[in-house]
Amino acid sequence: MGRYIDDILQPGEKVLYSTNVHWIFYLPAIAAWIVALAFFAGSQAFVSQTWMLLCLSLAVIAALVALYWMLRAWFHRWTTETDVTNLRVVHKTGFIKRRTFEMSLDKVESVDVNQSILGRILNYGDVTVRGVGEGAERIRTIASPLAFRSHITAR
């Protein structure tokens, strides 16, 4: 399966910038893996078999939750594309149920970037693209939002 943008490019249109959702989506999975490892390490500290089995059971549960969250974050990153071409802005999410947003660069009125403190440190944020007569579209938690904005506004 190829990239969505490669399938919809018009003749003479070329991709100027591509980004994706930020790796911060993996943070819940990372935290759950740490909890699973802590329970596993804690199980080795107990002499009582009951407490050891309880810790091991909790480690397995935490590992299964971590695996689920990790796969969910990976799938979200894999099925989301955000691109700027020389003619338009394209954002696609979803696999079976696909949602796309496309706006001609000529119709872009403004591009707003919203970053938290952590977002500034880790270089992610939300971008709102406002179009003349087309409303606004918010693209959440993308990597390098300032570079994305620059590629839209620099003409």
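Predicted model: local features only at pLDDT ≥ 70, side-chain atom pairs only at ≥ 80, totals over all residues.
1. Val15 sits across from Thr85 of β2.

2. Thr82, for one, has His91 of β3 as its bridge partner. The two strands make a hairpin, with two residues between them.

3. Now the whole sheet. It is an open one of four strands, ordered β1-β2-β3-β4, with antiparallel pairing. β1 (15-19) and β4 are the edge strands; each has a single partner, so one side of each has no neighbour in the sheet. From one strand to the next the twist averages 15°. As a reminder, strands in a sheet pair through backbone hydrogen bonds, in either a parallel or an antiparallel way.

4. How many residues of β2 are buried? Five of its five, so the strand is mostly covered. Glu81, Asp83 and Thr85 point one way from β2, while Thr82 and Val84 point the other way, and all of them are buried. In a regular strand, side chains alternate between the two faces of the sheet.

5. Next, the aromatics. The model has five aromatic pairs. In one of them, Phe75 and Phe95, the ring centres are 5.8 Å apart and the planes stand at 70°, so this pair is edge-to-face (planes over 60 degrees apart). Phe75 belongs to helix α3 (residues 49-78) and Phe95 to the loop between β3 (88-93) and β4 (99-104), so the pair links distant parts of the chain, 20 residues apart. As for accessibility, Phe75 is partly exposed at 36%, and Phe95 is partly exposed at 40%.

6. Phe95 has another ring partner, Trp78: the centres are 5.6 Å apart with 35° between the planes, a tilted pair. Trp78 lies in α3 and Phe95 in the β3-β4 loop, so this pair ties together parts 17 residues apart in sequence. Trp78 is partly exposed as well, with 39% relative accessibility. Which residues make up the cluster linked by ring pairs? They are Trp74, Phe75, Trp78 and Phe95.

7. Have a look at the two helices as well. The axes of α2 (residues 27-43) and α3 come within 8 Å of each other and cross at roughly 165°. Because angles over 145 degrees count as roughly antiparallel, α2 is roughly antiparallel to α3. The crossing of α2 past α3 is left-handed. On the α2 side the contact residues include Ala29, Ala32, Trp33, Ala36, Phe39 and Phe40. On the α3 side they include Cys55, Leu56, Ala59, Ala62, Ala63 and Ala66.

8. Last, a residue from elsewhere in the chain. Thr141 is in strand β7 (residues 135-143). Is Thr141 buried or exposed? Its relative accessibility is 17%, and buried means under 20%, so Thr141 counts as buried. Leaving aside residues up to four places away in sequence, Thr141 touches Val21, His22, Ile24, Phe25, Tyr124, Gly125 and Asp126.

How values were computed:
Residues numbered from 1 in each chain as written. Heavy atoms only, no water. Phe/Tyr/Trp six-rings, centres within 6.5 Å; stacked < 30°, edge-to-face > 60°. Buried < 20%, exposed > 50% of the residue type's maximum accessible area, 1.4 Å probe, protein only. Pairing = 2+ DSSP bridges. Axes fitted to C-alpha atoms, helices over the stretch in contact; angles between N-to-C directions. Parallel < 35°, antiparallel > 145°, perpendicular 65-115°, else oblique. Left-handed = near helix turned anticlockwise from the far one by under 90°. Contact = heavy atoms within 4.5 Å.
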